[in-house]
Amino acid sequence: MKKILYLFTAILLLSATLLTGCGQNSTADNGQKADGKFRIVTSFYPVYIATANITKGVDGVEVINMTKPQTGCLHDYQLTTDDMKTLDQADAFVANGAGMEAFLDKVINEHKNLKVIDASKDIELLQDEEGENPHVWLSITDAIRQVDNIAAQLAEADPEHAAAYKANAAAYTDKLKALQSKLHAELDALPHRDIVTFHEAFPYFAKEFNLNIVKVIEREPGTEPTPSELQETIEDVNKLPVKVLFTEPQYSPSAAETISRETGAKIYSLDPVVTGEANETALDAYITTMEKNAAVLKEALQ
């Protein structure tokens, strides 16, 4: 009988050890994570870049980008089982907001204790016939506001690191203001300002730099224009003094290639900064990509 009791006790102890050892984010009796880290999950690449800069060098803070490097905009994104597991281990979730993450209500409903940070809080949104446009980060002015929003809300969620978040945010916004001045110097004097873009990612960029979006080839990526829409776009492009089309590296340029064949328009690529690796290279990704976009526009609109 004693042997059976000892064996039963040993099994219970082994089970308890295995349960507490599973997963690096196990919690202690006081509800805190065993490793003591404050985990921040971001919805996709643009907010990851901002958050990575805000948390740069802050000990005890980890930032994880939830979606894959090639995901792109989240218009129709569906949460996966892995995403939900990632969110289970998070202390804060940074979303672009402005309607970009259609799944945000599900996150809030299923993770009641998760601090959800809205990067687009109080930013004035542009609207068209499709509704409010969520691509606010492509205005450098609004990208700076997003950095400030994320830093302020992170400071509330994690007061222990509030000073570091605010200092990092100030340093990064200084870089963004320098970028803003540089791009205005390069783009404000362009002789031509009419552009045809791939989808509705660039109205905020166009507003910032006083460009005129004459036509959008595909309102939503992956939805080919109808024959009548294609013909209308061809007619509009033929009226332009400089015939150029701007595609995006994340999507097939087939519709733009059709328009190019019919009009002789030259195709260029503008990157909406929605894909990339979540590592140290991301810290400068927004700045370098926007500089490349400016160089493309300078070449195309002379």
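This is a predicted model: local features need pLDDT of at least 70, side-chain atom pairs count only at pLDDT 80 or more; totals for chains, interfaces and linings use all residues.
Where is Tyr 77 found? Tyr 77 sits in the loop between β2, residues 61-65, and α3, residues 81-88.

First, the overall figures. The protein has 10 helices and 10 strands. Its length is 302 residues, and 48% of them are buried. On contacts, take those with a separation of 6 or more: 65% of them are between residues 24 or more positions apart. The exposed surface comes to about 15,300 Å², and 51% of that area is supplied by carbon and sulfur atoms.

Back to Tyr 77. Leaving out residues up to four places away in sequence, Tyr 77 touches Met 66, Thr 67, Thr 71, Asp 83 and Phe 103. There is also a distance to note with Met 100, which is 23 residues away along the chain: the two C-alpha atoms are 9.4 Å apart.

Met 100 turns up again with the next residue, Pro 134. Pro 134 is in the loop between β6, residues 131-132, and α5. With a relative accessibility of 8%, Pro 134 counts as buried. What does Pro 134 touch, not counting residues up to four places away in sequence? The list is His 75, Asn 96, Gly 97, Ala 98, Gly 99 and Met 100. For Ala 98, the C-alpha atom is separated from that of Pro 134 by 4.9 Å, and the two residues are 36 apart along the chain.

Next, strand pairing. I have two cases to show. Strand β3, residues 92-95, and strand β4, residues 115-118, run parallel and are joined by 4 bridges.

Strand β7 covers residues 194-197 and strand β8 covers residues 212-216; they run parallel, with 4 bridges between them. The chain gets from β7 to β8 through helix α7, residues 203-208, in a right-handed β-α-β crossover. As for a specific bridge, Thr 197 has Val 216 as its partner in β8.

Between α7 and β8 there is a loop, and Asn 210 is in that loop. Its phi is near 55 degrees, a positive value in a residue that is not glycine. For context, most residues other than glycine have a negative phi. Asn 210 is exposed, as its relative accessible area is 57%.

Which other residue has a positive phi although it is not a glycine? Val 273 does, with phi at about 60 degrees. Val 273 belongs to the loop between β10, residues 266-269, and α10, residues 285-300.

Last topic, empty space. A probe the size of a water molecule, rolled over the atoms, shows where such space is left. Start with the largest pocket, which holds about 260 Å³. It is lined by 14 residues, and those closest to its centre are Lys 215, Val 216, Ile 217, Arg 219 and Glu 229. Two or more lining residues come from each of β8 and α8, the latter being residues 227-238. The largest share is that of β8, with 4 residues. Note that Val 216, listed among those closest to the pocket centre, is also the bridge partner of Thr 197.

Then the cavities. How many cavities of 30 Å³ or more are counted? The count is 1. The largest cavity contains about 100 Å³ of space. Of its 13 lining residues, Pro 46, Ala 50, Ala 143, Gln 146 and Tyr 286 are the closest to the centre. The elements that each supply at least two residues of this lining include α2, residues 45-54, α5, residues 140-157, and α6, residues 162-187.

That is what I have for today.

How values were computed: Residues are numbered from 1 along each chain as its sequence is written. Side-chain values use heavy atoms; hydrogens and water are left out. Two strands pair if DSSP finds at least two bridges between them. A crossover is right-handed if, with the strands pointing away from the viewer, the path from the first strand over the helix to the second runs clockwise. Buried means under 20% relative accessible area, exposed over 50%, partly exposed in between (1.4 Å probe, protein chains only). Contact means heavy atoms within 4.5 Å. Accessible areas come from the Shrake-Rupley method with a 1.4 Å probe; for residues, only the protein chains shown count as cover. On a 1 Å grid over the protein atoms alone, a cavity is a set of points where a 1.4 Å probe fits but cannot get out, and a pocket is an open set with protein on both sides within 12 Å along at least five of seven lines; lining residues have an atom within 4 Å of a point. Grid points are joined across faces, edges and corners, and a volume is the space filled by probe spheres set on the points.
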